[in-house]
Amino acid sequence: MSPFLLTRTLPADATDAALRADVLSGLTGHPKTLPPKWFYDARGSDLFEEITRLAEYYPTRAEREILIARAGDIAAASGARTLVELGSGSSEKTRHLLDALPDLHTYVPVDVSESALAGAAEVLLAERPGLSVHALVADFTHVLELPESPGPRLVVFLGGTLGNLLPEERAEFLRSVRARLAPGDGLLLGTDLVKDEATLVAAYDDGAGVTAAFNKNVLAVVNRELGADFPLDDFGHVALWDPADEWIEMRLRARRALTVKIRELDLVVQFEEGEELRTEISAKFREERVRDELAAAGLRLDQWWTDTAGRFALSLATAD
């Protein structure tokens, strides 16, 4: 069996410290916010998997369609011997690329969850005995040092996660990726595309209420981890399309005036009736916008693929 290495670049208490910092800054700011990464405890991950199977939620199916249809083209254009995946999770979608790259030597999955990395690696190595896996327990939004591995490298960022970053955060992230690319390396980027408002809102506000439960799960995480007393039933799920910024916002709206105590932070937070807490933005893109944002980071858009319905795109960029 090929070797499996795991490198932890996050301190053991990094997750707790980050949660504390995000909750303190987000709930004392105006408007109140919480980052979407805190949706994903075990229950949140299960809820998101359920969301991806909903009729209203098209991005996962659309991206998978492109990967299946274009994996050979991506492999031929990149010639990658090392595949680096940011936010790899279960590595399920990446299998299409792993199978298409004939000269692939090393797979570098990057995720904050050590258990997810170890579980995915076990499956991949059993299926692909010639593959080397060097997993990184790391936060890809911070400075990331990649292990030594043969080039060319292809950095993969799937799922439309780029859209969860604010414009200045996206710019910083893309510059950080560019700084780690050598000549001949590439970036494969997944982006959800601008479309009609009804389709977009339905994808984030399904009729079965799964997304609403997923949204409220961030409050359950804060309750459990920081001793808070958010009454989940007193918050309603809201999904809105912002046509000026071209993004979806997910919010939680207080159904009544209430006071929340967060014991571990010694913090008391007041909510007025109708006050909203923003939990996620999900920016939608046009090809020109992707091209411009890549160019600003020193990356050249070389290939652009969409699903047959034109809902989602994968783009391949290289360093200028």
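How many aromatic pairs does the count come to? By the rule that rings of Phe, Tyr and Trp (its six-membered ring) pair if their centres lie within 6.5 Å, the count comes to 13 aromatic pairs. The model is a predicted one, in which local features need pLDDT of at least 70 and side-chain atom pairs count only at pLDDT 80 or more, while totals for chains, interfaces and linings use all residues. Residues are numbered from 1 along each chain as its sequence is written, and side-chain values use heavy atoms, with hydrogens and water left out.

The ring centres of Phe235 and Phe271 are 5.3 Å apart and their planes stand at 85°, so this pair is edge-to-face (planes over 60 degrees apart; under 30 counts as stacked, the rest as tilted). Phe235 belongs to strand S8 and Phe271 to strand S11 (residues 267-271), so the pair ties together parts that are 36 residues apart in sequence; strands here are DSSP runs of E of at least two residues, and helices runs of H or I of at least four, numbered from the N terminus. Phe235 is buried, with a relative accessible area of 0%, and Phe271 is likewise buried, at 3% (buried means under 20%, exposed over 50%, partly exposed in between, with a 1.4 Å probe and protein chains only).

An open sheet of 4 strands runs in the order S2-S12-S9-S8 with mixed pairing, where two strands pair if DSSP finds at least two bridges between them. Strand S2 (32-33) and strand S8 (235-242) are the edge strands, each pairing on one side only. Strand S9 (residues 247-254) pairs with strand S12 (residues 276-283) in the antiparallel sense over 7 bridges.
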